[in-house]
Amino acid sequence: MTESMTTRLAAAWSALVLAVTALFAAGPALAADAVRPGATATGPDIAVSQAGNYPTQPNSYGNFSVQWASVGTADATGITHLTVDLPPGLRTSGALMYSTPYDYTFSERVSPDGRHLEATFRGTRVPGRGDFMKVQVSSGAERPSGVIRATVANRDDVNPANNVSTYTVNGPQQPAEIPDRPMVTAIDTVTGPGAGGTAVTLTGTGLDTGFVLFGGEEAKDVSCTATQCTATSPGGSGSVPVTVVTPGGAAGAPSGFAYTGPPPAPPAAPVVTGLSVRGGPSRGGTSVYVLGSNLAAGTIAFGGAPAAHVSCGDSFCSSTSPAGSGTVHVTVTTAGGTSATVDADRFTYTDATQRR
């Protein structure tokens with residue numbers, strides 16, 4: 001067997017191992033999601049599903065997984081918004097994230113009645129990678145019935161056909177639901193201080209189960225009905241588009257939002273304390289984990305070259321090295337600045353053609 005054939009077989013085997021690892025890391029329903037109608041649409045595509053131990057009797061407890069997976073042809077990036085709605089008689093105390101490594105940020109909130117959960121996930125997911133959260137559920141004194149509805153939404157998602165998952169408790173299951181596409185027809189306030197905190201109302205159609213973005217940042221205190229969203233602007237600067245994102249797609253407001261005055265103080269600068277791999281071939285393609293602090297939502301550069309497939313949590317980033325040569329510093333850039341170069345962030349390129 002020639003050396004080139006051996007190299008190609010080794011690369012194919014590595015790709016297969018990575019694909020299988022991602023499949024099982026995402027949970028048992030990822031394989032079913034990957035073949036849903038429309039899942040081969042060109043571009044980023046996130047699919048949602050649910051499965052687990054649902055409470056079916058009075059005064060019982062259970063939990064189920066809400067799983068979301070990148071099933072398109074391009075990386076899914078930025079903010080992914082998830083919702084879970086429970087029928088009368090069921091309530092949740094919240095969800096637990098089980099996905100590793102922690103190259104993402106995640107937050108959640110539950111409504112006072114325990115029947116509505118919203119979660120925000122921020123990270124980059126290459127096609128084939130997925131994540132899941134376990135939702136804790138309990139039933140009341142009556143035998144539970146009704147539909148549990150889970151949704152996923154991302155501004156760049158090109159396929160809404162797999163963005164809603166339903167499960168009927170103690171009843172017949174429903175066909176797949178394709179959500180309506182949103183439309184924003186008006187925004188009532190178009191300026192506000194850079195510190196944020198401006199109340200904004202957007203009107204339109206198909207806005208329910210949505211979230212709001214000012215530029216690329218998520219608005220606060222968002223509440224959406226089918227025809228209206230209220231939100232509070234995050235901090236920012238300059239003029240930015242305002243977008244409502246629902247499981248049915250993304251819709252921009254007729255005009256953007258202009259920040260006035262100084263923006264909020266920047267966050268602490270990122271710090272890099274180590275790399276999982278200190279070198280790789282000059283052609284690039286090495287998977288490199290970056291450790292440190294204040295890394296959330298960062299971008300990564302190897303020398304002056306941007307890394308690919310970057311996903312950053314607070315203290316952990318995943319990335320793929322670009323092509324390069326020599327020894328370079330690996331830096332992380334966030335709204336707080338660029339990490340200072342240190343010995344621990346050095347990455348050395350090797351000429352793969354010389355290795356026999």
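# A tour of rings, a cavity, charges and sulfurs

Start by selecting Trp68, Tyr102, Tyr104 and Phe121, which form one aromatic cluster. This is a predicted model, in which local features need pLDDT of at least 70, side-chain atom pairs count only at pLDDT 80 or more, and totals for chains, interfaces and linings use all residues. Residues are numbered from 1 along each chain as its sequence is written, and side-chain values use heavy atoms, with hydrogens and water left out.

## Stop 1: aromatic rings

Rings of Phe, Tyr and Trp (its six-membered ring) pair if their centres lie within 6.5 Å. Planes under 30 degrees apart count as stacked, over 60 as edge-to-face, and the rest as tilted. By this rule there are eleven aromatic pairs.

Keep Trp68 and Phe121 on screen. Their pair is edge-to-face, with 5.5 Å from centre to centre and 75° between the planes. Trp68 sits in strand β2 (residues 61-70) and Phe121 in strand β6 (residues 116-122), so the pair links distant parts of the chain, 53 residues apart. Strands here are DSSP runs (E, at least two residues), numbered from the N terminus.

Trp68 is buried at 3%. Phe121 is buried too, at 1%.

Next, select Tyr98 and Phe132. Their ring centres are 6.1 Å apart and their planes are at 10°, so this pair is stacked. Tyr98 is in the loop between β4 (90-97) and β5 (105-110). Phe132 is in strand β7 (residues 130-139), 34 residues apart from Tyr98. Tyr98 is partly exposed, with a relative accessible area of 45%. Phe132 is buried, at 15%.

## Stop 2: the cavity

Rolling a probe the size of a water molecule over the atoms shows where empty space is left. A cavity is a set of points on a 1 Å grid, over the protein atoms alone, where a 1.4 Å probe fits but cannot get out. Its lining residues have an atom within 4 Å of a point. Points are joined across faces, edges and corners, and the volume is the space filled by probe spheres set on them.

How many cavities of 30 Å³ or more does the search of the whole structure find? It finds one. The largest cavity holds about 60 Å³ of space.

Select its lining: Ile46, Trp68, Ala69, Ser70, Ala76, Thr80, Phe121, Gly123, Arg125, Arg129, Gly130 and Asp131. β2 and β7 each supply at least two lining residues. The largest share, three residues, comes from β2.

Now colour the lining by type. Five residues are nonpolar, four polar and three charged. Ala, Val, Leu, Ile, Met, Phe, Trp, Tyr, Cys and Pro count as nonpolar, Asp, Glu, Lys and Arg as charged, and the others, Gly among them, as polar.

## Stop 3: salt bridges

Side chains of opposite charge can pair when their charged atoms come close. A salt bridge is a side-chain nitrogen of Lys or Arg within 4 Å of a carboxyl oxygen of Asp or Glu. The whole structure has seven.

Select Asp103 and Arg129. Their closest N and O atoms are 3.1 Å apart. Asp103 lies in the loop between β4 and β5, and Arg129 in the loop between β6 and β7, so the pair ties together parts that are 26 residues apart in sequence. Asp103 is buried at 0%, and Arg129 is buried at 18%. With Asp103 and Arg129, they are linked in a network of salt bridges.

Move to Glu217 and Arg122. This salt bridge has its closest N and O atoms 3.6 Å apart. Glu217 is in strand β14 (residues 217-218) and Arg122 in strand β6, 95 residues apart. Glu217 is partly exposed at 39%, and Arg122 is partly exposed at 24%.

Then pick Arg346 and Asp343, whose closest N and O atoms are 3.3 Å apart. Arg346 is partly exposed at 36%, whereas Asp343 is exposed at 57%.

## Stop 4: disulfides

A disulfide is a pair of cysteine sulfur atoms within 2.5 Å. The structure holds two.

Select Cys224 and Cys229, joined with an S to S distance of 2.0 Å. The torsion about their S-S bond is about 110°, so the disulfide is right-handed. Cys229 is buried at 0%.

Finish with Cys312 and Cys317, joined at 2.1 Å from S to S. This link is right-handed, with 115° about the S-S bond. Cys312 is buried at 5%, and Cys317 is buried at 0%.

Conventions:
Helix = DSSP H or I, 4+ residues; strand = E, 2+ residues; numbered from the N terminus. Buried < 20%, exposed > 50% of the residue type's maximum accessible area, 1.4 Å probe, protein only. 1 Å grid on protein atoms, 1.4 Å probe; cavity = no way out; pocket = protein on both sides within 12 Å on 5 of 7 lines; lining within 4 Å.
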